[in-house]
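Welcome, and please have your viewer ready.

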Amino acid sequence: MITIGAERTAELLPFDRLVPALRAGFQSAVTVPERQQHRVGPDGGSTMLIMPAFGPEHSGVKIATVYPDQRPAVAATYTLFDNHTGQPLAHLDGTTITSRRTAAASALAADFLARADARTLLIIGSGTVAAMLPAAYRAVRPIDRVLVHSRTAANAAALAERVGGEVVTDLPAAVAAADVVSCATLATEPVVLGQWLRPGVHLDLIGSFRPDMRETDDAAIARSSVFVDTFGACEESGDLSQPLANGTLRLADIRADLTALCTAAHPGRTSPAELTLFKSAGTAVEDLAAAVLAYRSR
């Protein structure tokens, strides 16, 4: 078994190869059991997640810990197995896999849901995933203008410099100017309001991973054609669980998940004026696809 560290894992997962690898992963027969959650840490206030996936040729498991008081709060490892022999093949940096496959999943969805002529990307947030979004989106769309907004001005400026973007402080105006709006925040109250969204825009929601977290409001949900990476997002994210609970959204209103999009069971965007919304919660399908790509590319 080989070990592939964080820097090398990142080098082996360029977005022009990772996005197609995720597409192939959603098209293949991958079994994803429900992930386990365990309370850990000295006071039981932290979490360990165990996320397996079993594919035709390879199987794998990601073990991640979430310690809210630590920086970084999330750490992970990934172990890849040969599905024919059961032998472990590689031990990879799971934190890098998680961040890169998250950005790639947003780009994969946008390849079906964003307008083909989308050129202006607005990033809301300034963390690790936010920094990867321009490169990920450029794997599927001709993005030539990047706008950056963050609650902390210094963080916005640093990210804008890093990605060759421009800082924006007037968020409603920035949303109105963007073709794609991508949120990667830890917000518990809506950041993007539905009234700001113009026809044809694509809204990408990455950050909300608990029922008490939201990045957009009910108005945006009501106006949009809603898509998900997996239907598990309906329970995990407040952006969906809250409007489902209050009747703004019905489960039947959700157009498709990534499997349906990647297998052509749903066409994705159906008109230039359609307002599309993609909510991701993350899935072990993406982790396995990334780990296999890194292993084969080494």
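Begin by selecting Cys-262, which is buried at a relative accessible area of 7% (buried means under 20%, exposed over 50%, partly exposed in between, with a 1.4 Å probe and protein chains only). Before moving on, note that this is a predicted model, where local features need pLDDT of at least 70, side-chain atom pairs count only at pLDDT 80 or more, and totals for chains, interfaces and linings use all residues. Residues are numbered from 1 along each chain as its sequence is written, and side-chain values use heavy atoms, with hydrogens and water left out.

With a disulfide defined as a pair of cysteine sulfur atoms within 2.5 Å, the count is zero.

**Stop two: a helix pair**

Next, select helix H2 (residues 15-27) and helix H11 (residues 284-297), whose axes are 9 Å apart and at an angle of about 125°. Helices here are DSSP runs (H or I, at least four residues), numbered from the N terminus; axes are lines fitted to C-alpha atoms over the stretch in contact, and angles run from 0 to 180 degrees between N-to-C directions. H2 is therefore oblique to H11 (under 35 degrees is roughly parallel, over 145 roughly antiparallel, 65 to 115 roughly perpendicular, and the rest oblique).

Finally, show side chains at the contact (heavy atoms within 4.5 Å): Arg-17, Leu-18, Ala-21, Leu-22, Gly-25 and Phe-26 of H2 meet Val-285, Glu-286, Ala-289, Ala-290, Leu-293 and Ser-297 of H11.

How values were computed
Helix = DSSP H or I, 4+ residues; strand = E, 2+ residues; numbered from the N terminus.
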